[in-house]
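Please open the structure in a viewer and keep the selection panel at hand.

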Amino acid sequence: MPGQVIRVELPGHLRALAGISGEVQVEVMGAVTQRSVIDVIEVRYPVLRGTIRDHVTKERRAFIRFFACQQDLSHEDLDAPLPVAVASGAEPYLVVGAIAGGVR
Amino acid sequence: MSSVRVLVGTRKGAFVLTSDGKRDKWDVSGPHFAGWEIYHAKGSPVDPNRIYASQFSGWHGQLIQRSNDGGKTWEPVDNKFVYDGVTGTHQWYDGTPHPWDFKRVWHLEPSLTDPDHVYAGVEDAALFQSRDGGASWAELPGLRTHSTGNRWTPGAGGMGLHTILLDQKNPGRIYIAISAAGAFRSDDAGQTWRPINKGLRSQYIPDPNAEVGHCVHHMAMHPSRPDVLFMQKHWDVMRTDDGGEQWKEVSGNLPTDFGFVIDVHAHEPETIYVAPIKSDLEHFPLDGQLRVYRSRTGGNDWEALTMGLPQSNCYVNILRDAMAVDTLDSCGVYFGTTGGQVYVSADGGDQWSAIVHDLPPVLSVEVQTLA
């Protein structure tokens, strides 16, 4: 049984690291949650492990935000279902570098 | 003909500067990893094509890059730095206990014998190593778990392990330095450690002569004399002649003995270089004059080296890992500044010129001398 195809937008530095241009599409089996989407991203692009969330705790890095459908999902339950528009592929799931995250 | 390759880490990427042995015409490649902080990049002494680089961003954390072709191409390797076992606390800026927390890799030190073996000094202070070319990392926990660890304190830049010196005569001996804990020595390849800070004196800690707590900024060693170490401390330039058992101050006639870098001439073990900085409150050269100081007597007697360096209105800093020497017959000395200049002297410091003027702030400079 095929999974659901989710559109994901990654920040520029991570696209460069992973050799990606533009939006990526990943197939998620089972429930479409923030955790399941990021799990699939990290499997497909191992170089991104540790750059979105901590290697061990799996917590979002402090200067990473998660947006979708004009909502900030950064502090939502990672295991909660993503909006239907994301699960259906109508809207992308956005991984964003916080505006304050740059260095000197 | 011999050539040199200078590896420059900056706030916004890495640059590779190459020249022939004359060191007067340079090719500049970069930025590699544009937009990322490159804390340090260093090549293996046994395989100069193998280079490791520490890549960091506030958004995405730590990455380690490896090159097998002298910096032309790079591949990311493992970036998982996990402290061994349960981490305790160290002392926070305000004196309260604070949990150990990995932040970044400050310094990468390739082994003297195996290009796949490399050490990483990290913040919060700990020593890691990889024996598979960076494919995996494991902590050498004996350092962080030393009985004094709960008294280590971050310096202004964080609690980083920034200096790793390997003894080519005694493979088991490693020296490291931490800001602000001090210097430590292992005689069993990093399994156990002891502080080597006797003789250091620091007015900014409750007991100026304490066993730990000293803000060591950098240390240097000539490979032929691994028992002799030179140190630029927060204040004071120091030396030891017995592997750190006892230090003595050799600031001598320096106009200020605050600074970050220190290095040793490739062929003259008693010729050392520092770049004095005005003070801990004013991180720029004294009187706006960029001057390297050289001692040919292992300290105490210093001469200012100014030819080719700006002697007015210069307010840059030279950070702790931003000086290096090559091993050509006429020893080249290099340093980078927070103003984005990388200077070279092909004659041991007598005359200087800028290889590049306008890079991002320079965090580190290393040099490879190529056959």
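The model is a predicted one. Begin with the largest nonpolar core, which has 105 residues. Select B:V8, B:I176, B:M231, B:M323, B:Y334, B:V342 and B:V365, the residues with the most contacts inside this core. Then centre the view on B:V8. Not counting residues up to four places away in sequence, B:V8 touches B:A14, B:F15, B:L17, B:G336, B:V342, B:L359, B:V362 and B:V365. In soluble globular proteins, nonpolar side chains tend to be buried together.

**Chain A**

Display chain A next. Its secondary structure comprises three helices and five strands, and their order along the sequence is β-α-β-α-β-β-α-β. The radius of gyration of chain A is 13 Å, close to the 13 Å from the globule rule for 104 residues, so chain A is as compact as a globular protein of that length. The C-alpha trace of chain A spans about 45 × 25 × 25 Å along its principal axes. Of the 104 residues in chain A, 27% are buried.

Select helix α2 of chain A, residues 34-44. Which residues of this helix are buried? They are A:Q34, A:S36, A:V37, A:I38 and A:I41.

Move on to A:C69, in the loop between β3 and β4 (71-72) of chain A. Its phi is near 50°, a positive value in a residue other than glycine. A:C69 is partly exposed, because 15 other C-beta atoms lie within 10 Å.

**Where the chains meet**

Show both chains together. The contact takes 17 residues from chain A and twelve residues from chain B. On the chain B side, three of these residues are nonpolar, six are polar and three are charged.

**Chain B: a sheet**

Within chain B, select the open sheet of four strands, ordered β22-β23-β24-β25 with antiparallel pairing. Strands β22 and β25 (303-305) stand at the edges with a single partner strand each, so one side of each is left without a neighbour in the sheet. Neighbouring strands of this sheet are turned by 30° against each other on average, direction ignored. Five bridges join β22(B) to β23 (residues 272-277) of chain B. To find one bridge pair, select B:G259 and its partner in β23(B), B:P276.

**Chain B: loops**

Select B:V250, in the loop between β21 (247-249) and β22 (258-264) of chain B. Is this residue, B:V250, buried or exposed? B:V250 counts as buried because it has 22 C-beta neighbours inside 10 Å. Leaving aside neighbours within four places in sequence, B:V250 is in contact with B:V237, B:M238, B:R239, B:G298, B:G299 and B:N300.

Continue to B:D236, in the loop between β19 (229-233) and β20 (237-240) of chain B. The phi of B:D236 is near 90°, a positive value in a residue other than glycine. B:D236 counts as buried, with 23 C-beta neighbours inside 10 Å.

The tour ends with two peptide bonds. A cis peptide bond joins B:E123 and B:D124, with omega about -5°; B:D124 is found in the loop between β11 (118-123) and β12 (126-130) of chain B. The bond from B:S179 to B:A180 is also cis, with omega near 5°, and B:A180 lies in the loop between β15 (174-179) and β16 (182-186) of chain B.

Key:
Residues are numbered from 1 along each chain as its sequence is written. Chains are lettered from A and ligands numbered from 1 in the order in which they are written. This is a predicted model: local features need pLDDT of at least 70, side-chain atom pairs count only at pLDDT 80 or more; totals for chains, interfaces and linings use all residues. A nonpolar core is a set of buried Ala, Val, Leu, Ile, Met, Phe, Trp, Tyr and Cys residues joined through C-beta atoms within 7 Å. A residue is buried if 20 or more other C-beta atoms lie within 10 Å of its own, exposed if 12 or fewer, and partly exposed in between; C-beta atoms are placed from the backbone. Two residues are in contact if their C-beta atoms, placed from the backbone, lie within 7 Å. Helices (H or I, at least four residues) and strands (E, at least two) are DSSP runs, numbered from the N terminus. Ala, Val, Leu, Ile, Met, Phe, Trp, Tyr, Cys and Pro count as nonpolar, Asp, Glu, Lys and Arg as charged, and the others, Gly among them, as polar. Two strands pair if DSSP finds at least two bridges between them. Axes are lines fitted to C-alpha atoms, for helices over the stretch in contact, and angles run from 0 to 180 degrees between N-to-C directions. The radius of gyration is taken over C-alpha atoms; the globule rule is 2.2 Å times the number of residues to the power 0.38.
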